[in-house]
Amino acid sequence: QTLHPDLLPALGHDENHRSEMLIPLILEDIKIGLMALFAPKGFDFEQEHLDLITSVADPFAMALSNAIAYQHMIQRQNLLLDDNEFLQKELSRPAKVIGEHSGLREVMDMINNVAPMNNTVMINGETGVGKEIIAGAIHQRSKRRNGPFIKVNCGAIPEHLVDSELFGHEKGAFTGAAAMKRGRFERADGGTIFLAEVGELSPSAQVRLLRVLANREIERVGGTQVIALNIRVIAATHRDLKEMVKAGKFR
């Protein structure tokens with residue numbers, strides 16, 4: 001929190017009538033902590049004690065700041081390791097199409113034809129028929145097989161979080177945005193992003209998706225920097241998008 005002008009080293013007594021010293025730990029006008037010292041009963045701190053401890057408050061503040069920064073770094077490192085482990089598991093899980101050598105041979109021929117290309121792909125089919133498996137098979141047969149395969153269920157993301165989840169946000173872009181966050185599109189750079197139930201996207205998210213499809217670039221929420229992407233988009237839906245377009249519900 002920002003330093004308050006009245007926040008100064010002070011002498012006093014706690015609820016047990018023990019003598020105490022309170023010294024705010026301040027770094028670059030920001031309070032990062034409060035050092036409290038308590039004396040044994042029968043001993044009172046004097047001004048000279050306060051002056052002595054205050055004289056070493058700056059090194060204490062620097063040490064505390066470094067400890068907090070190190071803790072945050074470890075937390076971010078653990079998140080990155082977890083993210084990497086998750087992605088490696090996703091990449092190592094082959095998309096097995098049951099029936100690829102029998103009843104789905106025609107579908108597999110289509111997959112093998114489209115996989116080497118870089119075109120955007122739309123997969124239509126009822127819920128539960130395996131659209132995600134087909135998308136994974138296209139990715140693993142493409143030149144992007146060694147890149148990430150990021151899956152997004154567009155219908156499962158709350159509308160007010162769609163832009164942030166897909167495109168990321170800058171620090172301070174909205175309440176609660178304490179740090180910069182990469183969106184799913186950025187995480188898919190160099191690979192494939194699979195948008196399941198794309199027909200559930202809000203109109204505003206569709207506008208931004210249109211820019212991605214046309215220019216392969218995004219801007220994070222609250223940002224002004226244009227971020228170029230090298231991605232392939234595979235989308236899927238159980239809805240009739242042509243009818244939704246006619247009704248003005250889909251771009």
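Where is the place of Arg216? It sits in the loop between α7 (203–215) and β7 (217–218). I'll come back to that residue.

First, the ground rules. This is a predicted model: local features need pLDDT of at least 70, side-chain atom pairs count only at pLDDT 80 or more, and totals for chains, interfaces and linings use all residues. Residues are numbered from 1 along each chain as its sequence is written, and side-chain values use heavy atoms, with hydrogens and water left out.

Now the overview. The protein chain has eight helices and nine strands. Both are DSSP runs, numbered from the N terminus: helices are H or I with at least four residues, strands are E with at least two. The chain holds 251 residues, and 35% of them are buried. Buried means under 20% relative accessible area, exposed means over 50%, and partly exposed lies in between, with a 1.4 Å probe and protein chains only. The accessible surface comes to about 15700 Å², and carbon and sulfur atoms own 55% of it. Those areas come from the Shrake-Rupley method with a 1.4 Å probe; for residues, only the protein chains shown count as cover.

On to contacts, meaning heavy atoms within 4.5 Å. Take those with a separation of 6 or more: 65% join residues 24 or more positions apart.

Next, the hairpins. Two strands pair if DSSP finds at least two bridges between them. Strand β1 (residues 10–13) runs antiparallel to strand β2 (residues 19–27), with four bridges. His13 stands opposite Ser19 in β2. Five residues separate β1 from β2 in this hairpin, and His17 in the turn has a positive phi of about 65°.

β2 then pairs with strand β3 (residues 30–38), again in the antiparallel sense, over eight bridges. Leu25 has Gly33 in β3 as its bridge partner. This hairpin has two residues between its strands. Glu28 lies in that loop, between β2 and β3. Its phi is near 55°, a positive value in a residue other than glycine. Is Glu28 buried or exposed? At 74% relative accessibility, Glu28 counts as exposed.

Back to Arg216. Phi of Arg216 is also positive, near 55°, and this residue is not glycine either. But at 19% relative accessibility, Arg216 counts as buried.

Now the parallel sheet. Four strands form an open sheet, in the order β4-β9-β6-β5. The edge strands are β4 (121–124) and β5 (149–153); each pairs on one side only. The twist averages 15° from one strand to the next. Axes here are lines fitted to C-alpha atoms, for helices over the stretch in contact, and angles run from 0 to 180 degrees between N-to-C directions.

Look at the pairings of β9. Strand β6 (residues 192–196) joins strand β9 (residues 232–237) through four bridges, in parallel. There, Ile193 stands opposite Val233. Helix α4 (residues 131–140) packs on this sheet, touching β4, β5, β6 and β9, and its direction makes about 150° with that of β4. β4 and β9 also pair in the parallel sense, over four bridges. Val121 stands opposite Ile234 in β9.

How many residues of β9 are buried? Six of its six. In a regular strand the side chains alternate between the two faces of the sheet. Here both faces are covered: Arg232, Ile234 and Ala236 are buried on one side, and Val233, Ala235 and Thr237 on the other.

Now α4 itself. Seven of its 10 residues are buried, so α4 is largely enclosed by the rest of the structure. Among the buried ones are Lys131, Gly136 and His139.

α4 has a helix partner too. Two packed helices are described by the angle between their axes and the distance between the axes. For helix α3 (residues 105–114) and α4, the angle is about 40° and the axes are 8 Å apart. That makes α3 oblique to α4. The cut-offs: under 35 degrees is roughly parallel, over 145 roughly antiparallel, 65 to 115 roughly perpendicular, and the rest oblique. Val107, Ile111 and Val114 of α3 meet Ile134, Ala137 and Ile138 of α4.

Last stop, Glu165 in helix α5 (residues 162–167). At 18% relative accessibility, Glu165 counts as buried. Leaving aside residues up to four places away in sequence, Glu165 touches Ile157, Lys181, Gly183 and Arg184.
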